[in-house]
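Hi everyone, thanks for coming. Let me put the chain up on the screen, and then we can walk through a few spots together.

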Amino acid sequence: MSKRIVVTGMGVVSCVGNNVPDFWAALKAGKSGLGRITLFDASGFDSKIAGEVKGLDFTRFLEPKEVKRTDRFILLACAAADEAIRDAGIDMNAIDPARCGVIIGSGIGGIATLEAEHAKLMSRGPGRVSPFLIPMMIPDMAAGIISIKYGFKGPNYCCVSACASGAQALGDAMMAMKAGMMDMAITGGTEAAITPISFAGFCSMKALSTRNDTPQKASSPFDKKRDGFVMGEGAGIVVLETLEHARARNATIYAEFIGYGATGDAHHLSAPAPEGEGARRSMQMAIQSAGITPERIDYINAHGTSTPLNDKCESQAIMAVLGERAYTVPISSTKSMVGHMLGASGAVEFIATVMTIREGVIHPTINYEDPDPECPLNYTPNTAVQAPVACAMSNSFGFGGHNVSLIVKKYEPSSDGG
């Protein structure tokens, strides 16, 4: 279990950019990608805003006939995977495909397809339902199609742990490589749940922001005015490799992935455990698995959903883990600009965390205007900050009490990984 795991490729599709450079530039500039929903008529919904992916031609990644019978969540994953694989410089003739796996998380999967085909069933009968319904809908199919497209034959599956799914996929891939099951993984998360039934469900839960008149200000993590999250969509895909494998093919190494923690709240369907107890244990587990002390954490990319309970409980958990340092360690919420991508969020935020280490720039939490006394930490308000970051943590939490924390560090060739 001593293998070192490194990041060698990254791809992003989001409402602020359809590649890593554009995505990262938007985050540094504090640019919001949130707006009025165009994917369906939201006039009758309490929440009418989201972070939609725009400007993507999916026929760049799949044949036109394949695009028509592929759900949007899979298409977004294919776009991000294409960038990550090209970024990593993978030559399929120079690697063993049986030693390369695909592990991609999705919290909801192909819900747009399910909605459309259910409407056909109700209006036109069972004979009109597409034979592609099941393979378009099931959440594992993003991993399956990427495996088929490129020929990766290692471990291949989907993590489904609500909004922690993408982060869990990364952690699972790391552990599989440490266990010797593979040398390389295409891993991350994808989600495309901006659909009527999803919105109806989240609106009924009172989980979404209803600040419809000011969509770019509606996601305000840790701010006293926060009233719910703004749904986003997109994908984040990362190429992970054992250090030996990356070195053997002379790959560019962006960062080293050193810690993974995963816990359960055993508390409530949707509310976090009091005082962020499960989140605290997840962070502590990640720190322990990384073989470091809490003092080594220079930055935290928070789950930071802009919901009253999550932001308070995550802040309490950070304070419990870092003690007095919690008040000075910079924190930021990517969701303030891209919304909550559900199962994709952890992977997209992992990429933001890697870029933070690479560039020494901490992106802001925008819309932080009215501090909440119950969230008393340094959330990098509104403007990016330049600061060296050698070691960082990214948090993801999900309905059902799922908590995942990931730790990455600046790559040092002579380091022992700790």
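Let me start with a question: which residues does Ala347 touch, not counting residues up to four places away in sequence? The answer is Gly166, Ala167, Leu170, Gly188, Gly189 and Gly236, where contact means heavy atoms within 4.5 Å.

Before I go on, a word on what you are looking at. This is a predicted model, in which local features need pLDDT of at least 70 and side-chain atom pairs count only at pLDDT 80 or more, while totals for chains, interfaces and linings use all residues. Residues are numbered from 1 along each chain as its sequence is written, and side-chain values use heavy atoms, with hydrogens and water left out.

Back to Ala347, then. You will find Ala347 in helix 13, residues 345-359. Helices here are DSSP runs of H or I with at least four residues, strands are runs of E with at least two, and both are numbered from the N terminus. Ala347 counts as buried because its relative accessibility is 0%; buried means under 20% relative accessible area, exposed over 50%, and partly exposed in between, with a 1.4 Å probe and protein chains only. Glu52 is 295 residues away from Ala347 along the chain, and their C-alpha atoms are separated by 17 Å.

Staying with helix 13, let's look at its partner, helix 1, residues 20-29. The two axes come within 11 Å and cross at roughly 75°. That makes helix 1 roughly perpendicular to helix 13. For the record, axes are lines fitted to C-alpha atoms, for helices over the stretch in contact, and angles run from 0 to 180 degrees between N-to-C directions. Under 35 degrees counts as roughly parallel, over 145 as roughly antiparallel, 65 to 115 as roughly perpendicular, and the rest as oblique. From helix 1, Val20, Phe23, Trp24, Leu27 and Lys28 meet Val348, Ile351, Ala352, Met355, Thr356 and Glu359 of helix 13. The residues of this contact divide into eight nonpolar, one polar and two charged. In that scheme Ala, Val, Leu, Ile, Met, Phe, Trp, Tyr, Cys and Pro are nonpolar, Asp, Glu, Lys and Arg are charged, and the others, Gly among them, are polar.

Helix 10 (residues 277-290) packs against helix 11 (residues 308-322) at an angle of about 40°, with the axes 8 Å apart. That makes helix 10 oblique to helix 11. Who meets whom? Ala279, Arg280, Met283, Gln284 and Ile287 in helix 10 meet Ala317, Ile318, Ala320 and Val321 in helix 11. Sorted by type, the residues of this contact are seven nonpolar, one polar and one charged.

Helix 11 also holds Asn310, which is buried at a relative accessible area of 9%. Leaving aside neighbours within four places in sequence, Asn310 is in contact with Pro272, His303, Gly304, Thr305 and Phe397.

Phe397 brings me to Ala164, which has Phe397 among its contacts too, along with Ser396, Gly398, His402 and Val404, again leaving aside neighbours within four places in sequence. Ala164 sits in the loop between strand 5 (156-157) and helix 7 (165-178) and counts as buried at 0% relative accessibility.

Next, helix 8, residues 196-204. Its buried residues are Ser198, Phe199, Phe202 and Cys203. They cover an arc of only 125° around the axis, so they sit on the same side of helix 8; the arc is that of the directions from the helix axis to the C-beta atoms. Strand 3 (49-50) and helix 4 (111-124) are included in what covers them.

Last stop: backbone angles. Most residues other than glycine have a negative phi. Ser306 is not a glycine, yet its phi is positive, about 80°. Ser306 lies in the loop between strand 9 (299-301) and helix 11, and is buried, with a relative accessible area of 0%. Asn382 has a positive phi as well, near 70°, in the loop between strand 11 (361-362) and strand 12 (385-386). Buried or partly exposed, this Asn382? At 36% relative accessibility, Asn382 counts as partly exposed.
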